[in-house]
Amino acid sequence: MISLPRIVRVAVPSPLYRHFDYLVPQSGPMPCAGARVRVPFGKRTLVGIVLKTADQSDVPLARLKQILEVLDPEPLLDATLLRLLLWAAAYYHHPVGEVIQSALPLGLRRGKPATVGQVDSWIANDRGRMLLASTSGRDTAEKRLLRFLADAPEAVDQSALALISKRWRAIVRSLVANGLVDVVSRKCLAQPPVEVVPPPSASTAQHQAITAIAAGGAAFHCYLLHGVTGSGKTEVYLQAIDRVIKEGAQALVLVPEIGLTPQFVDRFRRRFPVAVAVIHSALSESERQCAWLSAREGSAPIVLGTRSAVFVPLKALGLIVVDEEHDNSFKQQEGFRYSARDVAIVRAKREHVPIVLGSATPSLESLRNALDGRYQLLPLPERAGSAGLPSVRLLDLRQLARNNGLTPPLVDALRNRLERKEQSLLFINRRGFAPVLMCHDCGWIAACGRCDSRLTLHKSAERLRCHHCGSEAAIPATCPACHAQRLHGLGEGTERIESALTRLFPDARIERIDRDSTRRKGVLEEKLARVRSGDADIMVGTQMLAKGHDFPNLTLVGVVNADQGLYGCDFRSSEQLFQRLMQVAGRAGRADKSGEVIIQTFHPEHPLFSALRAHDYQGFANYALQERREAQFPPYTHLVLLRAESPERSSALRFLLQARDLAAALRPEESQVSILDPAPSPMERRAGRFRAQLLIQGRQRDALQHFLDQWLPQIAEMPQARKTRWSLDVDPMDLY
């Protein structure tokens, strides 16, 4: 009897827009769709995901290679999630193998066993403490780590040890072998003992929102929870999640930034006596795999994560929540350029579960969907409890003197809060000391040698840094052009504001919170904890502080320079600026103390600031939607951006011109697709490469996708495509 060949179609992590067929040995197990297999690929061995089995292949059997190993006896990715990933690969026109790999933790991508194991932690024993007490001399890495373990109140995990020494693994291994440190094993997703707090009384608007979500049941509905800052959107999430958990299902909660996860985790743990799986990029490999597999097995009723968590498998998904749904962080800006918010909506629809999108400043796309009836709008027009919206005061910088960016009225307001033992926040969306280093004598400016941008002065690190490509240089002692010594930083960043505040208020406890000050793991959580406990008087920060945080004693928010982004080159600039300012303003006066927002601007008469003073997001949105309709920009059309870059200035544009000619030959005007002329990017040179872009507009999403299906294969076959780095961005959030 002749046995039929056993063929599987496998997605491997490669930049090719296709799957690959492999033979399964007759003696081995037949892998199922969604399982991992180890396969030969060229000269390498890769881990791929089986998409389906097949009876035949377009490739002659003699040329098909055999899989080397079946890694999973059952699907690692269930059929529904696998179909979602295939949809995402098709919609965003990205190689399917790379899309699927992006959904897996690093260990699983490398072929490690898909098991939820024990996690080791370490603590010094009595012998180790005695040794510390009896020894003196040089402070070595071994001694520092042992002292850290001796001082810790409980066993310490690897993420904390990594902050003490890069060689922590070898040091701990030696300390354990010498009997100075004990190993403590625990479940990887152990729920810490926390006293469960009962829910507060819901306001009328909260109760109406909670009732509406419950009335929709388990079927797919998309709810837009539009609540002013401090209106209690999280409480609505919590009560919706409570119902889902009681029904034995799981809730997936997406937040835009890592900085928002600690407070969400704390609120969930204080509300629900269940395990919470946390997934974001700052986790260790073992922590991420533990959370991912716990979600898949159903042992984590709540899964909380940033963008990539939208692809986490869940055994019994019952609800999806997307907090701060307007935030650009939900859009991946390189590689697989997907929108986690949009994918979450598609996932909810495919898995027949409700989804709640929450924001004080909804995106215009979501707002239009609500106005057109595709989403159900749930308004929360007032703050929860006795809190009222903060007053907003505009300071005209044309008429006020400034000292390191701070005007006298703002300084007086800060002093007033210090006297009242209340907290203040100064917002400036620019890190570093100053955005420009200039020579006072000849006008020389420190520019990046690889980008069309200036180097930012970081005074504490004594470096000049490019915030676009990462290039660094030492601060020159004299001007490279005229050799004068009068070099000055122009403009303000978070460092400069912090330095000015330290001089003005030497006794004040100041916390600077930006990407530079929170690079090390755990530092952000420590700083936020100090703020919440009252151990900080003034915060200085970037947009990391602009949303989601709840500081009850914060009564003053000062915006140092509100004009950044007012006249940006992107059509979304004004929307993003308004959202950012309204979000940061919402940090003030969230408890029983009234709040005040002081905005420094050169354009106090601008309509955007008038709407901000009145807390009138709907008025601003109506105006912005009218502009978008007239200009035929989203949400009234759909965009695709073809980007190209090359070391030579002309190559990228030449590639895009050829791509445009191919598009014109397809006669896209018949399918309601418009092709704009190629143009240099707003920042043409970045990281030593010249960039250009080609914008495509489509009135109908289906017609645009049909056009891309025809156009992209032709672009890939162009000879110039192999010499130019190019990418496609569907529904781009950044035209810069």
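A residue is called buried when its relative accessible area is under 20%, exposed when it is over 50%, and partly exposed in between, as judged with a 1.4 Å probe and protein chains only. By this criterion, 54% of the 736 residues of the protein chain count as buried. The structure is a predicted model, in which local features need pLDDT of at least 70 and side-chain atom pairs count only at pLDDT 80 or more, whereas totals for chains, interfaces and linings use all residues. Residues are numbered from 1 along each chain as its sequence is written, and side-chain values use heavy atoms, with hydrogens and water left out.

The secondary structure of the protein chain comprises 21 helices and 30 strands, taken as DSSP runs (H or I, at least four residues, for helices; E, at least two, for strands) and numbered from the N terminus. Along its principal axes, the C-alpha trace spans about 90 × 75 × 65 Å. With contact defined as heavy atoms within 4.5 Å, 75% of the contacts between residues at least 6 apart in sequence join residues at least 24 apart.

Nonpolar cores were defined as sets of buried Ala, Val, Leu, Ile, Met, Phe, Trp, Tyr and Cys residues joined through side-chain atoms within 4.5 Å. The largest of these has 114 residues, and those with the most contacts inside it are Phe 311 and Trp 711; its largest share, seven residues, is contributed by helix H1 (residues 79-91). A second, separate core of 32 residues includes Tyr 223, Val 236, Val 274 and Val 356. Beyond its neighbours within four places in sequence, Phe 311 is in contact with several residues, among them Leu 81, Leu 84, Leu 85 and Ala 88, and also Phe 336 and Tyr 338.

Rings of Phe, Tyr and Trp (its six-membered ring) were paired if their centres lie within 6.5 Å, with planes under 30 degrees apart counted as stacked, over 60 as edge-to-face and the rest as tilted; the structure holds 16 such aromatic pairs. In one of them, the rings of Phe 20 and Phe 41 have centres 5.0 Å apart and planes at 80 degrees, so the pair is edge-to-face. Because Phe 20 lies in strand S2 (residues 20-23) and Phe 41 in strand S3 (residues 36-41), this pair ties together parts that are 21 residues apart in sequence. Both partners are buried, Phe 20 at 12% relative accessibility and Phe 41 at 15%. Ring pairs also link Trp 87, Tyr 91, Tyr 92, Phe 311, Phe 336 and Tyr 338 into a cluster.
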